[in-house]
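Please find below some notes on the model shown here. They are set out as numbered points.

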Amino acid sequence: MGLVMIAAWAGFPRKKQTITAILSETGYFEVVPPSTFGGPGTINTIEYLSNGRLELHPTCDVDPALLTGKIQKSPTVDRELKQSLEKNLDVSAQVRDKLSAVAGMQQVDSIHLKLENANILLVSDESLMSTRNALLKAECADAVTQNISSGGVVCQTRSVLEADVVYEIKYHNKVSMEERAKLTSEIAAKLDLDAHQGADDKVAGSQLFFGIRLLPYPILLDSPSGKPKPCTRE
């Protein structure tokens, strides 16, 4: 099962020009690092962490045929958002957590993210409902109930921001070309991306999800009554 780390949108001022702050204005969680998990229509369990981030766990398997013809795709139409996303954004702090196990990370000065060819993928409320009704049976329903009983919040993804992703790595000046190539390869493997062909300081991936928007109300099934936690920050 996949696991995606996503950052909460509360408390990040826009003026810092972080990817988290940019996404927060449109109601998206940031996916760290970008991946293909948690696409439109999928059912996932959300865990709130003490460091202000969230973890998103795929809860139910989705047959791609179930969503065939239901996912709508369009270029991002907000010009300001598009321009912000295409800037080189410093994501050193976010990504270093993910790369903490990579030996030699002290050789990295900074990591910048550039997003290209951004699109919105979304599913209508009607299609979300039909998908949810088709999934919430047998083992899927059991998995949802188990996660809720353990304190998890089970949510469905309404839309995602998708883009081609390039991480540009700036190494300290004394790092040799051979060391850079080796570290870049290890970073690419850890982020599940590819080393950029012809470059020893870039890793990239195509059509990855870097922002997720959830339906605000959680899936409850036959869980105990009481005020449920929302799929968004209160």
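1. The accessible surface of the protein chain comes to about 12,100 Å², and carbon and sulfur atoms account for 49% of that area. Accessible areas come from the Shrake-Rupley method with a 1.4 Å probe, and for residues only the protein chains shown count as cover. The model is predicted: local features need pLDDT of at least 70, side-chain atom pairs count only at pLDDT 80 or more, and totals for chains, interfaces and linings use all residues. Residues are numbered from 1 along each chain as its sequence is written, and side-chain values use heavy atoms, leaving out hydrogens and water.

2. The protein chain has six helices and ten strands (DSSP runs numbered from the N terminus: helices are H or I, at least four residues; strands are E, at least two). Of its 234 residues, 48% count as buried (under 20% relative accessible area; exposed is over 50%, partly exposed in between; 1.4 Å probe, protein chains only).

3. The largest nonpolar core has 33 residues, and Leu 85 and Tyr 167 touch the most other members. Such a core is a set of buried Ala, Val, Leu, Ile, Met, Phe, Trp, Tyr and Cys residues joined through side-chain atoms within 4.5 Å. Another core, of twelve residues, lies apart from it and includes Ile 46 and Phe 209.

4. Thr 131 belongs to helix H4 (residues 125-135). Because its relative accessibility is 0%, Thr 131 counts as buried. Leaving aside neighbours within four places in sequence, Thr 131 is in contact (heavy atoms within 4.5 Å) with Gly 41, Leu 66, Leu 67, Lys 70 and Gln 156.
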